[in-house]
Amino acid sequence: MGQGLTRLILAIALLVACPLASSATDVPIVLIANPNVPIDSLTRETIRAIFAMRQRTLPDGQAVHVFVLPDESRVHARFAKEYLGVYPHQLRLSWDRVVFSGTGQAPNHVDSQAEMVERVATTPGGIGYIEQGYLDDRVRLLPLQ
């Protein structure tokens, strides 16, 4: 009876944990912008250049202010892979290169998705990324072309 109960508890734990694990990665990550950014969408190449800190302006000429989550954030890792096609450490290397060469600045770091929304919403030219569930009317969705 002891082994049977243990197996039952393990089975229930797995059933409860599996949907949570899969739903965490099923939530889409979206690119967000300050409401005053007059661009309706961006190409993947433009997003790569902006988040690698190689492009300092949006296609309309407005200065861009990039916000990113911590390197160890799973949302940051997914954004880097899904949108930029790089691993977070590769993105970090590109930021280090522009900073140490004196040709640019590192992005602005935020600690949470809630802070990402707040900072992008209040910064002209602000751009960042969040899980879709954090999206609200203070920022605008910026789809890929």
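## Fold at a glance

The protein has five helices and five strands, where helices (H or I, at least four residues) and strands (E, at least two) are DSSP runs numbered from the N terminus. Starting at that end, the elements follow the pattern α-β-α-β-α-α-β-α-β-β.

Please keep in mind that this is a predicted model, in which local features need pLDDT of at least 70, side-chain atom pairs count only at pLDDT 80 or more, and totals for chains, interfaces and linings use all residues. Residues are numbered from 1 along each chain as its sequence is written, and side-chain values use heavy atoms, leaving out hydrogens and water.

## The sheet

Five strands form an open sheet in the order S3-S2-S4-S1-S5, with mixed pairing; two strands pair if DSSP finds at least two bridges between them. Its edges are strand S3 (108-109) and strand S5 (140-141), each of which pairs on one side only.

S3 is joined to strand S2 (residues 65-68) by two bridges, in the parallel sense. Here Phe67 stands opposite Asn108 in S3.

## A helix on the sheet

Helix H5 (residues 113-122) packs on the sheet and touches strand S1 (29-33), S2, S3 and strand S4 (126-131). The direction of H5 makes about 155° with that of S4, using axes fitted as lines to C-alpha atoms, for helices over the stretch in contact, with angles from 0 to 180 degrees between N-to-C directions.

## Contacts and burial

Of the contacts (heavy atoms within 4.5 Å) between residues at least 6 apart in sequence, 68% join residues at least 24 apart. Buried residues (under 20% relative accessible area, 1.4 Å probe, protein chains only) make up 38% of the 145 residues.

Methods. Buried < 20%, exposed > 50% of the residue type's maximum accessible area, 1.4 Å probe, protein only.
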